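Please look over the structure below with the notes that follow.

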Amino acid sequence: MTNDKNRVVIFDTTLRDGEQSPGATMSHAEKLEIAELLDDMGVDIIEAGFPIASEGDFDAVSEIAKRSKQAVICGLARANYKDIDRCWEAVRHAGRPRIHTFIGTSPLHRAIPNLTQDEMAERIHDTVTHARNLCDNVQWSPMDATRTEWDYLARVVEIAIKAGATTINIPDTVGYTAPNESAELIRRLIAEVPGADEVVFATHCHNDLGMATANALAAVEGGARQIECTINGLGERAGNTALEEVVMAMKVRHDIMPFHTGVDSTKLMHISRRVATVSGFPVQYNKAIVGKNAFAHESGIHQDGMLKNAETFEIMRPEDVGLSATNIVMGKHSGRAALRSKLKELGYDLADNQLNDVFVRFKALADRKKEVFEDDLLALVRDQESGEEYDRIKVKFLRVICGTEAPQSADLILEIDGKEVRTTAQGDGPVDATFNAVKTLFPHEARLQLYQVHAVTEGTDAQATVSVRMEEEGRIATGQSADTDTVVASAKAYVNALNRLLVRREKSDPDADVKQVSYKDAG
Ligand code: KIV
Ligand code: ZN
């Protein structure tokens with residue numbers, strides 16, 4: 001990819017490892033959008049999915065491959081010919097395709113397919129050879145490498161290299177390793193495995209002990225030149241190495257980590273927000289780089305220092321990560337053109353009809369709220385998007401009666417497939433009453449997994465963003481909505497999640513089921 005020995009290749013797996021985490025399922029259109037953003041921001045390799053997992057995954061990987069510009073498009077495959085063939089079918093449309101095949105090599109993982117060390121070694125040889133006959137860019141991963149016996153790990157890495165793998169990825173699948181160990185493992189593999197200097201070594205760290213970023217950077221110190229990561233650190237359990245963290249760490253501490261990437265860091269904030277929205281996994285407020293508070297200076301001492309010299313408390317500038325220096329407030333007199341230009345600055349180039357819709361809701365919000373901030377606008381845009389694809393059920397009217405005396409009651413009108421229906425339901429609090437009303441009008445078996453409320457901005461007139469995650473027969477969908485009225489936002493988020501489940505049910509997308517067995521079948 002490059003001869004520059006300090007260039008670190010960024011391999012993004014938001015659409016595979018990230019999307020695989022329960023509840024983070026994205027729609028086809030959302031996957032295409034995220035892939036385009038990754039490509040445009042200079043990510044080198046996009047792992048677009050796991051083509052054998054479902055028709056949906058296959059279609060998404062194929063389409064992302066067809067639309068790819070600069071990035072290499074990679075698909076995941078277990079160590080069998082069927083997976084590898086299916087993966088190739090999907091990625092071959094890319095200008096620069098890659099097959100990523102893996103097998104669990106630690107004693108615990110070897111026990112699953114019940115293979116002896118020799119049998120597994122033979123399987124690795126055969127499958128990597130097969131992949132290499134299809135594609136000249138092949139990545140191989142010994143899953144759970146950090147808990148694999150050294151001798152066996154070195155042996156299978158050598159076999160994979162001889163069979164034609166061009167990248168060897170060393171996953172810390174369960175987030176078990178620590179920085180010194182991570183660096184040492186890569187260093188030793190490069191030093192001792194014959195042929196190691198002809199391939200690129202990659203690091204793939206999970207964050208179970210909160211060390212994923214440190215471990216990935218340490219692996220680079222040890223000689224790895226590809227970091228596998230996800231936007232916002234999305235991923236199974238505690239997630240993966242966060243792309244924004246490794247990119248900014250190497251940029252800001254270039255003095256001690258003299259490595260660089262091809263990522264345009266000014267695009268980090270926008271993609272972070274988009275991934276949070278489409279995955280339904282909000283970014284924690286104090287998350288490094290992209291958290292809401294990452295550049296906020298609340299305390300008096302900090303503000304005083306910041307006013308005198310921003311460097312007192314800031315090691316990077318907000319603009320470096322794509323956060324505009326000023327959170328310009330829009331008011332009820334701001335026009336359509338001002339809104340269009342503000343949204344463009346925030347990374348949204350809306351079509352006229354979309355802009356009209358957001359403008360109408362912006363005016364309504366500006367009537368209710370003194371000042372409309374960037375975050376308010378982002379919430380409006382997100383709401384507009386949720387309506388597009390998923391609008392079988394709509395909230396038309398809601399009035400709740402609350403007070404110190406339980407139960408509370410909700411009077412609700414829904415439009416279901418174009419027909420209005422009305423009910424009044426009671427519950428333990430206004431949200432419970434509202435959800436009961438939705439369930440009366442649209443009976444369903446979906447289970448509420450998560451209900452979360454965030455204030456978009458400060459003040460008692462702030463909008464609330466509500467996220468609702470629902471599960472039905474292994475399918476999971478997250479709905480979101482924002483409104484100055486928390487109960488209205490809750491009703492809309494609940495209905496949005498239901499609409500998403502309906503779309504998924506109609507397509508009878510078996511994603512969730514297949515993805516859950518995928519690791520078990522890794523042999
Ligand atoms: O964590 C892991 O081991 C993986 C592999 C499939 C690379 O995601
Ligand atoms: Zn992983």
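1. Start with burial. Asp17 is buried, and His204 is buried too; both count as such by having under 20% relative accessible area. Keep in mind that this is a predicted model.

2. Which residues hold the zinc ion (ligand 2)? Asp17 coordinates through OD, while His204 and His206 each use NE2. The distances run from 2.0 to 2.1 Å. Water is not among the atoms, so the site may look incomplete.

3. Along the chain, the donors of the zinc ion (ligand 2) are spaced as D-x186-H-x1-H. Distant parts of the chain are linked here: Asp17 lies in helix 1 (residues 14-18), and His204 lies in strand 7 (residues 200-205). These two are 187 residues apart.

4. Three strands form an open sheet in the order 9-10-11, and the pairing is antiparallel. Strand 9 (393-401) and strand 11 (419-427) are at the edges. Each has a single partner strand, so one side of each lacks a neighbour in the sheet. From one strand to the next, the twist averages 20°.

5. How many bridges join strand 10 and strand 11? Strand 10 (residues 408-416) pairs with strand 11 over 9 bridges, in the antiparallel sense. Within this region, Ile416 is opposite Lys419 of strand 11.

6. Helices pack on this sheet. Helix 16 (residues 430-441) touches strand 9, strand 10 and strand 11. Its direction is at about 140° to that of strand 11. Helix 17 (residues 486-506) also packs on the sheet, touching strand 9 and strand 10. The direction of helix 17 makes about 150° with that of strand 9.

Notes: Residues numbered from 1 in each chain as written. Chains lettered and ligands numbered in written order. Predicted model: local features only at pLDDT ≥ 70, side-chain atom pairs only at ≥ 80, totals over all residues. Heavy atoms only, no water. Donors = N, O, S within 2.8 Å, 3.2 Å for Na, K, Ca; no water. Helix = DSSP H or I, 4+ residues; strand = E, 2+ residues; numbered from the N terminus. Buried < 20%, exposed > 50% of the residue type's maximum accessible area, 1.4 Å probe, protein only. Pairing = 2+ DSSP bridges. Axes fitted to C-alpha atoms, helices over the stretch in contact; angles between N-to-C directions. Contact = heavy atoms within 4.5 Å.
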